[in-house]
Amino acid sequence: MGPKIGRLPLGLVVLIGALGTMAAIWAAQGHAGSTRQVRVPDSDRFTPFALTIKAGDEVRWTNTDEDDHTVVSDDALNTAGHNGTNTLLKANGGHVSLHFDHPGTFVYYCRFHAKLDGFKQPIAPGPDGGIQDASGKFGTPMSGVITVLP
Ligand SMILES: [Cu+2]
């Protein structure tokens with residue numbers, strides 16, 4: 001047994017102090033980070049199209065469609081990290097998670113349902129692909145945007 005403070009062994013007092021310090025640091029950081037969801041429903045789109053999160057959060061994309069899709073970073077516009085992302089979301093449950101640790105904008109698209117123009121911007125893949133509007137017309141590229149706040 002080492003020295004005692006009151007009736008508690010010193011080691012236990014030190015441990016309690018350390019835990020208290022850790023709790024204080026954790027509280028000072030404030031936002032512990034949560035996981036936000038983006039889904040691919042049974043059509044060529046990401047929902048929600050636009051999602052606002054906080055630095056420290058994670059975004060999880062899940063493909064519930066019967067077709068494969070992808071999450072591809074639009075690096076010309078992306079300031080939130082994860083440049084070069086090019087991930088397959090397999091049909092019927094494929095998923096990927098990205099953790100965002102600093103503010104910025106993550107602009108992305110699906111390379112199967114959008115293509116790049118001469119300026120490397122995603123454009124609709126043609127008359128039969130991309131997002132379908134209420135009147136049944138296609139033409140909007142499958143894309144989305146994550147805004148990461150401080
Ligand atoms: Cu797609």
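Let's start with an open sheet of 3 strands, in the order β3-β5-β8, with mixed pairing. Two terms there: strands (E, at least two residues) and helices (H or I, at least four residues) are DSSP runs numbered from the N terminus, and two strands pair if DSSP finds at least two bridges between them. The edge strands here are β3 and β8, each pairing on one side only. On average, neighbouring strands of this sheet are turned by 20° against each other, direction ignored. For angles, the axes are lines fitted to C-alpha atoms, for helices over the stretch in contact, and angles run from 0 to 180 degrees between N-to-C directions.

A quick word on what we are looking at. This is a predicted model, where local features need pLDDT of at least 70 and side-chain atom pairs count only at pLDDT 80 or more, while totals for chains, interfaces and linings use all residues. Residues are numbered from 1 along each chain as its sequence is written.

Now, the whole chain. It has 1 helix and 12 strands, and from the N terminus on the elements run β-β-α-β-β-β-β-β-β-β-β-β-β.

How do β3 and β5 pair, parallel or antiparallel? Strand β3 (residues 35-40) runs parallel to β5, over 6 bridges, and Arg 36 stands opposite Val 59 in β5. On to β8 (residues 95-99): β5 pairs with this strand in the antiparallel sense over 5 bridges, with Trp 61 opposite Val 96 in β8.

Look along β5 itself, residues 58-63. In a regular strand the side chains alternate between the two faces of the sheet. On β5, the covered face holds Val 59, Trp 61 and Asn 63, and the uncovered face holds Glu 58, Arg 60 and Thr 62.

Next, please find the other sheet. This open sheet has 5 strands in the order β4-β12-β9-β6-β7, again with mixed pairing. At its edges are β4 (50-54) and β7 (86-89), each with a single partner strand, so one side of each has no neighbour in the sheet. The twist averages 25° from one strand to the next.

Let's walk across part of it. β4 and β12 pair in the parallel sense over 5 bridges, and Lys 54 stands opposite Leu 149 in β12. Strand β12 (residues 143-149) pairs with β9 in the antiparallel sense over 6 bridges. β9 (residues 104-109) is also joined by 2 bridges to β6 (residues 69-73), and those two run antiparallel. Keep an eye on Tyr 109 in β9: Val 72 stands opposite this tyrosine, and Tyr 109 also stands opposite Ser 143 in β12.

So what sits inside? A residue is buried if 20 or more other C-beta atoms lie within 10 Å of its own, exposed if 12 or fewer, and partly exposed in between, with C-beta atoms placed from the backbone. Of the 150 residues, 23% count as buried. A nonpolar core is a set of buried Ala, Val, Leu, Ile, Met, Phe, Trp, Tyr and Cys residues joined through C-beta atoms within 7 Å.

The largest nonpolar core has 20 residues, and among those with the most contacts inside it are Val 59, Tyr 109 and Val 148. The elements giving two or more residues to this core are β3, β5, β6, β9 and β12. Which of them gives the most? That is β9, with 4 residues.
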